[in-house]
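Here is a short report on how two chains meet. Keep the picture open while you read.

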Protein chains: 2
Amino acid sequence: MATGTLPSRSQVEEIVRQVVTARLAGTHSGPPRLEVHASARHMHVSRQDLDKLFGPGYELTVDRPLPQPGNFAAKETVTLVGPRRRLISNLRILGPLRSRSQIELAFTDAVSLGYDDLPIRLSGNLDGTPGALVMGPHGVVELPNGLIRAAMHVHMNPQEAAHYGVKQGDLMKLRVAGDAAVTFERVHVRVDPSSRLGVHMDTDEANACGLSRAREIVLFK
Amino acid sequence: MATGTLPSRSQVEEIVRQVVTARLAGTHSGPPRLEVHASARHMHVSRQDLDKLFGPGYELTVDRPLPQPGNFAAKETVTLVGPRRRLISNLRILGPLRSRSQIELAFTDAVSLGYDDLPIRLSGNLDGTPGALVMGPHGVVELPNGLIRAAMHVHMNPQEAAHYGVKQGDLMKLRVAGDAAVTFERVHVRVDPSSRLGVHMDTDEANACGLSRAREIVLFK
């Protein structure tokens, strides 16, 4: 740490690993290599809702692959209508399909739409979250819930979890050093054999810490 | 952000509300009482530029006072034109007048306008910053520079500085605890006898840390 100590520093084991974004590759010593991705607002859609929005049996078109294996940004977008009839148009759908539709917004998006208290949730944990009207080219879906701000999280496989000494559900910290150095203290660990090591944050978080020009990024317990 | 009900949604943004968390006062041990304010994007204007934008000799109208003594949000707004001819309309002017015009944006604002690398600066430190076209009801000003993301800072008087054991120009840290606990590590100390203790952050930072529903806020060295 460049300046001073956190109050909780004494509680933190010194297993800090030097890790980097893709831009900073080559400056770190040893694996695993960490990437940090900023996710813009998007929608995950269920089969049932895709049928309503784009027509029965519609299939998503891959626009570009995303870092987690099998995930992709689709060419398809929808329009989200908030509680004050404000809109977000061109809300990108991410594939593949999920069992339940879910929309992830940054707080900035939520406030502009009229949601004053969007809950911070892990993906899939949607009970009690607000709903919205979603418009597609074929039809409209009234989601009873599913709007969240995604809690910051890190995907990793079991070997990477062992490297960091963490397990599924643990919290880690992410320090992004630069002109606006920030430590995010609640990075949820998600372990899956098919995962590729990567932290996901939203656009507010990326903008707050100046992610695109960070000088150093460290993930630690 | 790029949202809204107008067809030109990408060109028009609303003013993001200012969040004041006075309710969290008293979370540190003993006085002084800390307040944290989120500043939405705004403009500080010089006498010369106000004359051009609103007419010779024009005086700003107070809409509401701001926490720092003598400062206020004016009723007057301008339209900011970015490098890709994207707009931010209703950009609020803050008073009183300054020797040099300055526009403070969050990164989210800057990206939506087309500025990909807005420098993080302390107020008034404008050399080498980008410029913009500003439109008022009377005329237009071409700012050669003056666009910044304001570095996070804390205003305090000398007694408060003594309490914290800091001086003008020091860096402090601000921990905002909640569902998205974040520690901001570069809070610039600004000491002035007329100041009232208060941290200023921008809307990205406030949204990233969930300022409006933080459970505890601690300012420390």
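## The contact

The contact draws on 39 residues of chain A and 34 residues of chain B. Contact here means heavy atoms within 4.5 Å. Chain A and chain B bury about 3300 Å² between them. Carbon and sulfur atoms hold 47% of that area. Buried area is the accessible area (1.4 Å probe) that two parts lose on being put together, summed over both. In chain A, the residues that lose the most area to chain B are A:Glu185, A:Asn207 and A:Arg213. Together they make up 18% of what that side buries.

This is a predicted model, in which local features need pLDDT of at least 70, side-chain atom pairs count only at pLDDT 80 or more, and totals for chains, interfaces and linings use all residues. Residues are numbered from 1 along each chain as its sequence is written, chains are lettered from A and ligands numbered from 1 in the order in which they are written, and side-chain values use heavy atoms, with hydrogens and water left out.

Which side chain of chain B meets A:Asp117 in a salt bridge? The partner is B:Arg213, at 3.3 Å from N to O. A salt bridge is a side-chain nitrogen of Lys or Arg within 4 Å of a carboxyl oxygen of Asp or Glu. The count between chain A and chain B is four salt bridges.

The rule also finds 19 residue pairs in polar contact across this interface, both residues at pLDDT 80 or more. A polar contact is a pair of N or O atoms within 3.5 Å; within protein, one must be able to donate a hydrogen and the other to accept it, and residues adjacent in sequence count only if both atoms are side-chain atoms.

## What chain A brings

Four elements of chain A each supply at least two residues of the side that touches chain B: strand S6 (87-98), helix H2 (107-113), strand S14 (182-191) and helix H4 (203-209). Helices (H or I, at least four residues) and strands (E, at least two) are DSSP runs, numbered from the N terminus. S14(A) gives the largest share, five residues.

By class, this side of chain A has 14 nonpolar, eleven polar and 14 charged residues. Ala, Val, Leu, Ile, Met, Phe, Trp, Tyr, Cys and Pro count as nonpolar, Asp, Glu, Lys and Arg as charged, and the others, Gly among them, as polar.

S14(A) runs antiparallel to strand S13 (residues 182-191) of chain B, and three bridges join them. Two strands pair if DSSP finds at least two bridges between them. A:Thr183 stands opposite B:Thr183 in S13(B).

## Inside the chains

Over all chains, a search finds 28 salt bridges. One joins A:Asp109 to A:Arg41, with the closest N and O atoms 2.7 Å apart. This pair links distant parts of the chain, 68 residues apart. A:Asp109 is in helix H2, and A:Arg41 is in the loop between strand S2 (35-39) and strand S3 (42-46) of chain A.

A cis peptide bond joins A:Gly95 and A:Pro96, with omega about 0 degrees. A:Pro96 is found in strand S6 of chain A.
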